[in-house]
Amino acid sequence: MTPELTALTLAALLQVVQYGLYAVPANLELGPGYTMSARDREPSRQMSDGTARLGRALNNHFEGLILFAIACTVITVTAQSSALTAALAFTYLGARVLYIPAYYLGLRPWRSLIWAIGFLATTLMLLAALV
């Protein structure tokens with residue numbers, strides 16, 4: 001397995017962890033009556049700021065993971081894996097790991113800077129596939 005695919009697999013496992021980090025407190029805070037329903041209405045209780053942030057961080061990872069998966073796949077399928085693309089892949093993964101507590105704790109502007117590092121790493125991987 002290429003380093004890029006290893007980083008992609010670890011990023012997917014990170015998303016599994018994020019599910020747990022969000023789902024447990026969300027279920028405790030909203031109650032099973034709401035979380036097990038069809039959710040056709042707004043919840044009668046609100047989640048805490050931290051739990052809501054964990055949910056937004058999870059959704060953000062879905063968005064970022066799409067481009068990252070494309071970058072890893074293109075690099076691997078075209079046999080362009082290099083030390084640079086491997087470093088960029090693990091930079092993305094590291095940024096995603098740091099993004100979770102940064103978002104949860106509301107660290108501004110660090111959360112946005114961490115996100116930008118991950119996005120830049122993905123963008124550079126895509127560009128590397130074209131050269």
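Before we use that, a word on the model. It is a predicted one, where local features need pLDDT of at least 70 and side-chain atom pairs count only at pLDDT 80 or more, while totals for chains, interfaces and linings use all residues. Residues are numbered from 1 along each chain as its sequence is written, and side-chain values use heavy atoms, with hydrogens and water left out.

So, the overall picture. The protein has 5 helices and 0 strands, and its C-alpha trace spans about 55 × 30 × 20 Å along the principal axes. Of the 131 residues, 36% are buried, meaning under 20% relative accessible area with a 1.4 Å probe and protein chains only; exposed is over 50%, and partly exposed is in between. Take contact as heavy atoms within 4.5 Å. Among contacts with a separation of 6 or more, 77% join residues 24 or more positions apart.

Helix α3 covers residues 49–77, and at 1.5 Å a residue its 29 residues should span 42 Å; the end C-alpha atoms are 42 Å apart, so the two agree. Even so, α3 has a kink of about 25°, centred on Leu-65. That bend is the angle between axes fitted to the seven residues ending at a residue and the seven starting there. After α3 comes Ala-79, with a positive phi near 55°.

Leu-65 turns up again in the core. A nonpolar core, here, is a set of buried Ala, Val, Leu, Ile, Met, Phe, Trp, Tyr and Cys residues joined through side-chain atoms within 4.5 Å. The largest one has 18 residues, and Ala-11, Leu-65, Phe-68, Tyr-92 and Met-125 touch the most other members. Which helices each supply at least two residues of this core? They are α1 (3–30), α3, α4 (83–104) and α5 (110–130). The largest share, 6 residues, comes from α3. Apart from this core lies another, of 6 residues, including Ala-57 and Tyr-99.

Let's stay with Phe-68 for a moment. Beyond its neighbours within four places in sequence, Phe-68 is in contact with Ala-7, Leu-8, Ala-11, Ala-89, Tyr-92, Thr-122 and Met-125. Phe-68 counts as buried, at 0% relative accessibility, and so does Tyr-92, at 2%.

On to the rings. Rings of Phe, Tyr and Trp (its six-membered ring) pair if their centres lie within 6.5 Å; planes under 30 degrees apart count as stacked, over 60 as edge-to-face and the rest as tilted. The structure holds 4 such aromatic pairs. Phe-68 and Tyr-92 are stacked, at 3.9 Å centre to centre with 15° between the planes. This pair links α3 to α4, with the partners 24 residues apart.

Tyr-99 and Tyr-103 have ring centres 5.5 Å apart and planes at 90°, so they pair edge-to-face. Both are buried, and being 4 residues apart in α4, they are separated by about one helical turn.

Each of these tyrosines also has an arginine over its face: Arg-96 sits 4.4 Å from the ring centre of Tyr-99, and Arg-111 sits 4.4 Å from that of Tyr-103. The rule is NZ of Lys or CZ of Arg within 6 Å of the ring centre and within 35 degrees of the ring normal.

Definitions and conventions: The expected span of a helix is 1.5 Å times one less than its number of residues.
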